[in-house]
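Open the model in your viewer and keep the selection panel at hand.

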Amino acid sequence: MRLLAERTGLRGGMSAAMARRGFHPVYDRGQLLIDLAVAQILGGEAISDFQGLRHLTPVIGPVPSTPTVWRALSEVGPVQLSRVNAAVTSFRRHWWGLLAARPQGFPWLKVAGRELSGVTVVDLDASIVFAASDKENAQPTYKGGIGFCPNLATCDNTDDMLAIDPRPGGATSNCAADNIALLDLAVSRLPGRYRRRVLVRLDGAGFSHELLSHIAAGGNTKGRGWEFSVGWSCTDRETDAIEALPKGAWTAGIDQNGELVEDTFVADLTGLLDLGSWHKKIPDLRIIVRDEPLHPRYRKRATEREKQLGRRYQLIAINTRVGQIAWLDARHRSHVHVENDVKQAKNLGLDRWPSRQWSINVAWTQIVALAANLLACFRHLALPAGKLRDAAPKLLRYRLLHLPARLTRGQRKRWLHLREDWPWTNDVINSWQAVRALAAPT
């Protein structure tokens, strides 16, 4: 991971971001923050776990003490955060360029056998992090309990963490200002060519009129063609419209592989709803409904009419003009991928805010995003497509990162002795060689 950060220019960018005139620390602050991200990838759960890197001292040199790591985080103010995120954006531009230059090209999202070529898919989601009430800005959350409510933006093409907005616990998931700010920040961190055609997906909890208008307007920037796919509430008005749909309006639903889903149907509900005020701002607004059997796990949240019918209705709002209804529904349902990205971020440290001070916790969340970015880069550039690339951090640690090996010196060289009978030794060697072969930024 350290070599990957070095080869892609991330370490140099981070060091420049943390540099201060007249301040010459013993431990380079940019490298320290990268090492903290590496410790999170390795499974560290607290800042003191940084000391777990000491066993690598013969390779990486002296490791700073825990108080030094705390001081480094306290030095990350708004100016440093802006520079750090600029360095990460430059890093993303480089490794996304390497992805696009491969024979298979950039990983455009595929839904039911159809590739969304040229479309960058951005998923928004809010999550709850529970914490002790004595931490600054830890407040009662909309799901109960005390903690924080960070807002996250991810890219489904690369499973890359574009932005984490650390918010107090009292924040809500449908705050239009917060979601618009997060989306604009996430898009600003995309390489320029990937900002023109963007599909923004979020569930119904993040729904707001202002956000949809902002997306439909391309972020108020000319030359952009942005689309949204967002959950829409199913009230009595929508249920009445669903019951008024003729049988011929329904078509069979499909899954991500394009296969028909048993006893599941979709239809366009737009013409049966009064959307006059909506169409003044978003002329292309459409509402699609999905009708499927009511699963027992959703029964508590179902309406009385859904319980009586034994059916579950899910609605989405889109501004996409073309495409089969079943495919558009399947495209939205792949938004579930964001749950894995949020789960990974929590595994990397988003679920454990270390300090009572808000400023240090804000810095910590950005290191979590850095760790997620570095891990996404490693997956795509150092691992072959398949189960290992898609594996959760826990499995990657077991197979690749926590190795049974010995480090020795001889012939004026340093040697790493891997066990020949370790099932994933070849995967370790191949990933190492893939990282060493990466072209450095120009």
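A residue counts as buried when its relative accessible area is under 20%, and as exposed when that area is over 50%. Keep in mind throughout that this is a predicted model.

**Stop one: W108.** Select W108, in the loop between helix 6 (78-101) and strand 1 (110-111). Is W108 buried or exposed? With a relative accessible area of 18%, W108 is buried, because the cut-off is under 20%. Setting aside residues up to four places away in sequence, W108 touches E115, L116, S117, G118, V119, T120, N157 and Y194. For a distance check, pick the C-alpha atoms of W108 and V338: they are separated by 16 Å, while the two residues are 230 residues apart along the chain.

**Stop two: E238.** Move to helix 9 (residues 236-244), where E238 is placed. E238 counts as buried, at 2% relative accessibility. Which residues is E238 in contact with, leaving aside neighbours within four places in sequence? They are W232, S233, L269, L273 and L315.

**Stop three: helix 5.** Select residues 66-74, which form helix 5, and colour T68, V69, A72 and L73, which are buried. Turn the view to look down the axis of helix 5: the buried residues fall within an arc of 140°, so they line one face of the helix.

**Stop four: the cysteines.** How many disulfides does the structure hold? The number is zero.

**Stop five: the cavities.** Finish with the voids, of which there are three at 30 Å³ or more. The largest cavity has a volume of about 70 Å³. To display its lining, select V84, N85, V88, R92, M161, L162, A163, R189, Q366, A369, L370 and N373. Helix 6, strand 8 (160-165) and helix 14 are the elements that give two or more residues to this lining. Coloured by class, the lining of the largest cavity shows seven nonpolar, three polar and two charged residues.

Notes: Residues are numbered from 1 along each chain as its sequence is written. This is a predicted model: local features need pLDDT of at least 70, side-chain atom pairs count only at pLDDT 80 or more; totals for chains, interfaces and linings use all residues. Side-chain values use heavy atoms; hydrogens and water are left out. Buried means under 20% relative accessible area, exposed over 50%, partly exposed in between (1.4 Å probe, protein chains only). Helices (H or I, at least four residues) and strands (E, at least two) are DSSP runs, numbered from the N terminus. The arc is that of the directions from the helix axis to the C-beta atoms. A disulfide is a pair of cysteine sulfur atoms within 2.5 Å. Contact means heavy atoms within 4.5 Å. On a 1 Å grid over the protein atoms alone, a cavity is a set of points where a 1.4 Å probe fits but cannot get out, and a pocket is an open set with protein on both sides within 12 Å along at least five of seven lines; lining residues have an atom within 4 Å of a point. Grid points are joined across faces, edges and corners, and a volume is the space filled by probe spheres set on the points. Ala, Val, Leu, Ile, Met, Phe, Trp, Tyr, Cys and Pro count as nonpolar, Asp, Glu, Lys and Arg as charged, and the others, Gly among them, as polar.
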